[in-house]
Each structure stands twice: as structure tokens, then as C-alpha cells.
Amino acid sequence: MPLLRPLILAAVFVLVGPSVYGQQPLDAAIEQARQLMDRGAYSESLAVLDAFPASAVQQQTNRRSISTIRAEDLLGQARFAEAGVPAQAALDASAGLSKQDVADTLFLVAKVAVTGDASPTEALERALSAALEADGPDGLRTLRVKDRMALVMSTSRAADAEKIMQEVVAKANLLPGNPERDKLRFGNTLGITLLRQSKFDAGREALALVYKGRVNLLSKSHPETLETEHNLGYALRRLGRAQEADDALAEVLRLRTQVLGADHPDTLTTRTLIVRQLIDKSKFDAALTESRAITDLLIWRLGEKNVRTIEAMSDLAGALFNSGYASEGIDTEKRAYSLALEVIGESKPETMNIGHEYAGLLYQSGRHGEALAMYQRILRTTRDQFGDESIDTIATLHNIAAVLSDLGRNDEAIETYRYSLAVLVKKLPETHPSRLSVQNNLSLALRTAGRYAEALETITEVVRLRTTALGSENHLTLLSRSNMGAILAALGRYPEAVDIHRDVYTIRIRKFGETHPETLKSLHNLAATLGDAGQRDEARQLFEKVIAVRTRKLGPRNVNTVISLRGLASVLVANGDLEEGRSLYRRVVEAAETLRSEGGLSDALRRSFFSTITPAYKSLAVLEAKLGDFEGAMRVAELSKARTLIETSSTRGTARNALPVADRAALSDLEFRIAALDGRIPGTSDVAQRSDLEAQRSGLTADFVALDATLRSKYPLYREAAEFKLANAKDAALLLAEDSVILEFVQGDPDLLLLWIDGKGGRGSVLLPAYANLSTTLEAYRAALAMPDGVAGLRYPPPGRPRKLIWKLRDGSFRMQAAESGAVEGAKLVSDSEEIRQELSSWLLKALPTEVLTARRWYVSPDGPFALIPPRNLEVW
């Protein structure tokens, strides 16, 4: 029996232990709670504080300590709204205490303010003033406040924040007592400021040192250690080290879930970063499922009107969009932006970032006008906040230039790119990625505008700098070299262009393999350039190779397969294989029409695809005419103009606007989901999974065709705007009076075809004789016609507009150029636009058949350069 007594007593002690905190010395309980808080055990720390009644706390210092620990615990649990009350209680209990105590408590109040929706500036300034009074400018308390200020500043002025943190870190190293935990905090903030300037290597190095230090000082699972490991995962992701990023983030997620809980905002932040990793890997379904769960948890935990929730909602919008739910994605991003305006404020960086995302989704969906308006709204805010030459302003201008370029407003795009580049030249080193990106895009805009010499000068510099900074085989270097090859080809410098494309192709084979999409792009570019250079036998072999691989991996009606088919067809025709070329062009047109009708093209892709492929329709029309099939030529000519009008302009969008919002969204979403599957299917090697995806695509295609047919029957305005009845020769003749004629011009490559039908039943086709530099001649004529004073108005324009001169060249063509460019050798200065009209009319008159010349009324359908001027201005009769 005596042996049982101690065991019974011990059991009683264990059972009553949790209820006797009030009997322990209060100081010991406070110290226990503080130690738990320092270890990141916030729930346990709060449990200790909650175990004794507030009435038992009499001393002012104890009230202050308990309130301080409670506020820190609540901050650690992300219960930000609740943390304000104990923080204020701690401040109230600091009255009359030392300057150091007051400074520490004001710093706590500032930390709470930083987590709120309102500006923390006033709280941080009060904390800094108190810290300076307590410790002086180089004291630890002052450095802590500056650290928090820099963290807030880094969201908008990361470079300035980095300078502050470099100074803080240097001063911390001189402090007595080696405050290691604070020094690690400062190093973590420094790493964040570097990441927010895209200095990912430097940021990773700084954070790696902090992570090692925190593991040794605190533990691998401490919340502060996990914060650093999360930031390291972000850095690795941005450096393209995907597997290392995956491993780091998976570890952070496991430990944060274990230590903080699955619904803690920090845990959800890591899950959000993993979602972005999934999107990078095109795992859109998994990303969407996870993103929905994260957003729902944040709404439940923090409410919809919280910064973290709003940012998660923005991520959800991107996941929706990438999964093919374009309309829901855009609507969700619009909601996130609206909430950001209300909760955060239009001028805050977080709101502007979400605005950028919203504009980006609008742009990707082909809603370029709305995207431009959104970017311009953000631009006004960034200029007001940061000035005309801030990095944020330039980033927005860069996006605006891209939209302008896609809208065909090339001169404005080039001017915007040039301004952006001029600012970046002053602010960033010549090899900085942002500066080189703008420079690369400027070269593309110059190329699109036909300013090839300027484009070459610009891209040559980009290639040199990217080779120096990134290496000759970096993907961005190879991309710029491909652009350089295209510009050289446009200048007729084919040997150099072929050498570049061949070298890029060889490198990509070695890096990626022969069937990688980037390798196939290089093979297509090489084949096309060889064809343009007249090396048609090799061009044919390479086109057949790329078509075979793309057909096998992507399918015969994939956009890229069809574009390569068009390239091969042009080589065949140039080589004189007209029948085979016609057969191939017919396949191209058939595939394009199928893609159009089955919903496999999103709005943005549809516009770019038909801009590229419509010339194939025109080339086929020319071939049909050459080979004697007038009806075939007429049909394809009409199709080419219908596709130009509907698919590459705003007409299609106008037609869709005739539909109710829900139906319009349903059509767009089906198109995006089909396009998303088209992107995923080629990369799926598992046979069963690929079959499943192909079945999904077939089902969605059937749904699209059925919905589109239903809507056309239900809404006549939509049907009339979306459908064109193509007239054949017989239909056209019935519409004409006997003395009238229809002239259908078709600009092939390079032939200019005229199809004509008169009111007497006559018809025919004419290949117009070559006219050197017809496009530049018509451009000069159009410019002169647009001026009230004609050519004189170009030579002596209103103030502020550049002087331009028109020259007649030796070959009889005309060229307009800036006056400061000087005289054109062997050319004659033109003083009257009548001279241009007479040359053009004389050239056309010689080609037209008698049936056309004797007709009293012409109905002209222009194309190519002729679309630039009204037909009446030629007056050939």
C-alpha cells in the first residue's frame, strides 16, 4: 500500500494541472506564454493566457505583457481584426513606463496596422519616432521599424526598400549582443525587396542564408523559417527551377498545415503559389479545383473584402480562364478588381496589379479595345502616383504598346515602345530583362510596319546583349535570333537568314529533341526562308517533315499544321507544281473552314490565325483562275473577303453582341475550352488519357456546333451578321444591268488577279501585269489624296507635322519618304498627284479586257493595295 500513495498523488496532480494556472506565480505563466509564442505555438500560448482570469492581473506591467503576447499570438494566427484590441490595451498599459516599453508597444500597434486595410503610414511613423527617442538612429528598435517600413514600401518602391534594408542589415551587424533573430528577419526582408525587383538570383542567395540561420536558431518547422522557405520556393519558381520549387513548396505546405492549420492564410498563400506552378505545367483542371478551394476558405476565414481574399480571387480568375472558362474568368477578375478599388484603393499597387491581370485577360480574349481602356486607366494612376518615368508606368506603357500593335496602330505602338525604352535606358543596365523585352518588342513592331532596316538594327543589339547576359543557347536568345532571321529575310538577305534559322534549329534539336514545339517552329521558319530564297527542293523536304510531325502530334486540322501546309503549298506553286499546289491549298482552306465552324479558335487566336491564313485563300483563287476554274476562283475570292471582314476585324464581335450575355458567354467558353484541350492533347503521352481528352474535345465541339446553330435560328440579327451568302457568277450576273460589270480584285502572292462578270453573261479573269512597288506607289497616292493641297500639302504641312516628299523612281513607281532623308538617286521629285494617277491608270487600262472597258458602270471589290484608294480616283476611261 505505501507504494501506491505517490502514484495516486501524481495522478491527481496531472488531472488538476490545467485548472491551477491561477495558483501559479503569474510571472511564470506569462513567461511560459511568451516562450510558446516565440516558438510559434500560438494556440498553446493563448491557452496559457486564457487559463487565469483577467481580474487576477493587477500590475500594470503584467497587463501590458499579457496584452502584448495576446496580440502577437493573434497576429501569428492571422486573426488580424482581433489583434487590434489587445494591442491597444498594451499601449494603454504602457502609460508612464519607460521609453523603451512605449516604443516596443507602438511597434506592435504598427505591425497590427500593417495587416489591416487602411494605410499603416501614421502608425509606422509614430513607432519610428518613439524608437528614435528610445534607442537613437542606430538602435535595434529603430532598425525593427525601418524593416517593417521597407517591407511595406517594397510593394511599390522595391529599389528604395532595398537601399533601406542594406543599411539596416549593415547597422544590425554592428549592434552589441548579436541579436541573431532580428538580423535574420532583416535578411528575409532584404530578400523580399530583391525578389520584387526581379533580382531572383540575388534574392535566392539572400534567402538561402536566412533559411539556414532560422533552421539552426528556431527549427525547421518554425513559422518564421517556413516564411523564408516559402519565399525561396517563389525565387526558384521564377528562376525556372521548377522541380526544386515544387519540392520546397510541398515541404512548406506540409509543415504550415501541421503547425498553423490548413485554413491559415499563410498555408493558403503557399497553396496559391503551388496553383501557379500547376498552371505553368498546364495542369489547369487541378489548378482550378485548388484555386476554388483556396478562395472559398479565405472568404470563410477573412471575408470577401480582404486583401488576401481579393488576390486569391484574382488567381482563381486566371485558373478559370486557362481552363477554358473565359467568361467566368473575366467576370471573376472584374469582381476582384471592383473589390480592390473599394477595399484597397485605386492608387495602391495591389489594385493596379489586379487591374493589369484584368486587362490581360481582356486582351487574351480578343477584347482589345476594352483591354486598352483598362491599361490606360491604370496608366493614369501610375503616372499620378509614381511619375512618367517610374518602372510601374513603363510596364503599363509596354502593355499598351502591345495592344496598339495588335490593333494595327503600329506608329503609336512604335512611339510608345521607343519612349519606354528611352526611360529604361536611363534606369536599368543594358542587359536587364525588362529593357531587353521592350527592345525586342520594338523590333517586332518595326518589322510589322515594314521598317526593316530599323528593325534589324534594334534586334541585332538585343541578340548581342542576350547572348552576353544569358548565353547563346538561352530560350530568349534563340527567340530573338529567330526574329532577326525573319527580318533579314524580309530585307532579302537570305543567306544570313538561312544560317540563323539553321543554327537555331540545330540548337533546339540538341536541347529539346526533334518533335518539341519550339524545334518544329524553327524547322518551319527554316523551310519558309529556304523557299523564299529559291532553294525549293530543300524547302519542300523540310516542310514535308514538319507537316508529318505536326500532323502526328497535333492533328491535320491544328492551327500550326495548317500554317505549315500553306508554306508547302506556296513552295510547290513557286516551283511550277500548280496542280499539286492547288490540291494543297484546297486542304488548307478546308481545314481553316472546319476550325472556324467547330469552335476550336478563341477570339484572339482566331484573329491571328485568319490574318496568317487568309492569303492562302487568295493564292488558291489565283490558281483556280490560272487552271481554268472560274467558279472555283470566284468562290474562294469571296470566301477570302468574308474571312477578312468577319474573322480579322471587329465584325464578329459585333455579331456576337446581338446575343444575350449568357449565350455570348456560353459560346466563348466552349471555344476557349476546345482551344485549351487542343493545347493539352499533343503533350499527353498516356494513351488512355489522350483518348479521354480527345473524347472531351469531340463532345465540346458537338456542343458548340449545336449551340451556334440554335442561336442562329433563334436570333436573326446574329445570323445575318455572322453569315454571308457567297454569290456565284450566275447570281452576280442577274444583279447587273447589261451595261454594268463587277470587278473582283484578288491580291495573291505575288499575282494580282482580276475576276470580272458583266450584265450580258460574260465573265473572265485577268492576271494584271507586274507593277514595281505597287504598294508604295498607292501609299504615296493615298497620302497625297488625303491632303487638301495634294502633294504640296505633304511638302509644306501644318506646323508640328513632318515634311514628306514623293519621288518617281527609274522603274516608274513612286515612293514617299521624309524630306530629311534627302533625294533618291536617279529619281524625279513629284509636284502633282495627277502624275501618279496617270501612271496607274495607264498601267491598268492596258490590262483590262474590252468587255470591261466598254461597260458604263463598274462595281469594284478591291483587295490588297487597291483597297487603300477609292476606285474613282483612277479614272481609266
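## Notes on a predicted helical chain

1. Setting aside neighbours within four places in sequence, T416 is in contact with L397, A401 and L404. Please keep in mind throughout that this is a predicted model.

2. Now for the overall picture. The chain has 877 residues, and 49% of them are buried. Its secondary structure comes to 40 helices and seven strands. The C-alpha trace spans about 130 × 65 × 50 Å along its principal axes. Of the contacts with a separation of 6 or more, 59% are between residues 24 or more positions apart.

3. In soluble globular proteins, nonpolar side chains tend to be buried together. Here the largest nonpolar core has 56 residues, and I310, Y417, I459 and M484 are the ones that touch the most other members. Helix α17 (residues 326–343) gives the largest share of this core, seven residues. Another core lies apart from it, with 54 residues that include Y505, V559, V562 and I742.

4. Leaving out neighbours within four places in sequence, I310 is in contact with E304, A336, L339, A340, V343, I344 and I354.

5. Which residues of α8 are buried? They are L140, T142, L143, V145, D147, R148, M149, A150 and M153. The cover over these buried residues includes α6 (99–115), α7 (121–135), α9 (158–172) and α10 (180–195).

6. After α14 comes S282, with a positive phi near 65 degrees.

7. The largest cavity holds about 40 Å³ of space, and its lining consists of A103, D104, F107, A127, A131, R141, R144 and V145. Helices α6, α7 and α8 are the elements that give two or more residues to this lining. By class, the lining has five nonpolar and three charged residues, with no polar ones. V145 is also among the buried residues of α8 mentioned above.

8. The second largest cavity has a volume of about 30 Å³. Its lining residues are Y337, E346, T351, M352, R377, I378 and T381. The classes here are three nonpolar, two polar and two charged residues.

9. The peptide bond from D749 to P750 is cis, with omega near 10 degrees. P750 sits in the loop between β1 (740–747) and β2 (752–758).

10. Two asparagines also have a positive phi. For N178 the value is about 50 degrees, although N178 is not a glycine; this residue lies in the loop between α9 and α10. Is N178 buried or partly exposed? N178 is partly exposed, with a relative accessible area of 44%. For N773, phi is near 55 degrees, and its position is the loop between β3 (763–768) and α37 (774–786). N773 counts as partly exposed because its relative accessibility is 39%, which falls between the 20% and 50% cut-offs.

11. Last, a residue further along the chain. A792 is found in helix α38, residues 791–795, and is partly exposed at a relative accessible area of 37%. A792 and K804 are twelve residues apart in sequence, with 9.4 Å between their C-alpha atoms.

Technical notes: Residues numbered from 1 in each chain as written. Predicted model: local features only at pLDDT ≥ 70, side-chain atom pairs only at ≥ 80, totals over all residues. Heavy atoms only, no water. Core = buried A, V, L, I, M, F, W, Y, C linked by side-chain atoms within 4.5 Å. Buried < 20%, exposed > 50% of the residue type's maximum accessible area, 1.4 Å probe, protein only. Helix = DSSP H or I, 4+ residues; strand = E, 2+ residues; numbered from the N terminus. Contact = heavy atoms within 4.5 Å. 1 Å grid on protein atoms, 1.4 Å probe; cavity = no way out; pocket = protein on both sides within 12 Å on 5 of 7 lines; lining within 4 Å. Points joined across faces, edges and corners; volume = space filled by probe spheres on them. Nonpolar A, V, L, I, M, F, W, Y, C, P; charged D, E, K, R; others polar.
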